[in-house]
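Welcome! Take a look at the sequence and the model below, and then we will walk through a few places together.

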Amino acid sequence: MLSLNKKVWKFKIPLKIEVFLWLFLKNKILTKDNLYKRGWKKKDKLCQFCSNTESLQHLFFECPLAHFLWNVIGCALNLKPILNKEQLFGSWLSNFNKHMKYLVMVGVAAVIWALWRTRNRACFEHVLPYDPIETVFLACNWTENWVVLQKLEANRRRLVLGARLIKQVASEVFSSRHSWRPGARRLKM
C-alpha cells in the first residue's frame with residue numbers, strides 16, 4: 001500500500017481526485033465514523049443508503065450500492081467482486097499487467113469518486129439515487145471525461161471501451177428480459 005500512496009500522483013486523473021484517492025488510501029476521508037472521531041455530533045453515523053454505520057469500508061465496499069457497483073465491474077471484467085481496500089489494491093489489481101494497472105486505476109478512481117459524490121448528494125442535498133445504475137453510469141462518465149488526460153491514443157480508446165463495456169453490462173443486468181420494469185424504483189431506501 002505504501003508504494004501505491006506514491007503512485008497515486010502518477011495516475012492521469014484530475015489533481016483533486018488524486019488528493020481524494022490519497023486520503024482514501026490513508027482512511028482519512030470524512031466518512032461519518034471519521035467525523036465522529038473528530039467530535040462531529042450533528043447527525044447520526046448511519047449510511048445514507050442503508051442502516052449500517054458509515055465507514056470507509058462500508059461506504060465503498062459493503063453498502064448495497066457499492067456492492068452492486070463492484071459486482072457489475074467484476075462481471076464486465078470477468079473478475080471476482082472486490083470486498084475491501086486491501087483486496088482492491090492487492091490481489092484484484094494484480095490481475096492486470098503493469099501498463100493496464102494505470103488505466104484500471106483511472107477507472108477505480110472514477111468508481112470511488114462516483115460513490116463519494118453519490119453519498120454526498122444524498123447526505124447534503126437529500127437526493128437519493130433512484131437506481132444503482134445511475135452510480136455506474138456516473139463512474140463511467142467520469143472515466144470518459146478523464147480520457148483527455150491520457151497521453152496515448154491507445155489508452156484513451158481502452159478507457160472509453162472499458163467504460164462502454166461496464167455501461168453495457170449494467171444495462172443488461174437491468175433489462176426487461178430479467179424482469180426489471182422501466183420506471184420502477186430499484187433502490188429501496
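## A serine in a loop

Ser55 sits in the loop between helix H3 (32-37) and helix H4 (56-62); helices are DSSP runs of H or I with at least four residues, numbered from the N terminus. This is a predicted model, in which local features need pLDDT of at least 70 and side-chain atom pairs pLDDT 80 or more, while totals for chains, interfaces and linings use all residues. Residues are numbered from 1 along each chain as its sequence is written, and side-chain values use heavy atoms, leaving out hydrogens and water.

With a relative accessible area of 18%, Ser55 is buried (buried means under 20%, exposed over 50%, partly exposed in between, using a 1.4 Å probe and protein chains only). Its side chain reaches the backbone nitrogen of His58 at 3.1 Å. Leaving aside residues up to four places away in sequence, Ser55 touches Thr31 and Asp33, where contact means heavy atoms within 4.5 Å.

How many disulfides does the count come to? The count is 0, with a disulfide taken as a pair of cysteine sulfur atoms within 2.5 Å. For Cys47, the closest cysteine sulfur is in Cys63, 3.7 Å away and therefore too far for a bond. For Cys123, the closest is in Cys47, at 9.7 Å, also too far.

Cys47 is buried, at 5% relative accessible area, and Cys123 is buried too, at 4%.

## A tryptophan in another loop

Trp9 lies in the loop between helix H1 (2-7) and helix H2 (15-25). Trp9 is partly exposed, with a relative accessible area of 39%.

Methods:
Helices (H or I, at least four residues) and strands (E, at least two) are DSSP runs, numbered from the N terminus. A polar contact is a pair of N or O atoms within 3.5 Å; within protein, one must be able to donate a hydrogen and the other to accept it, and residues adjacent in sequence count only if both atoms are side-chain atoms.
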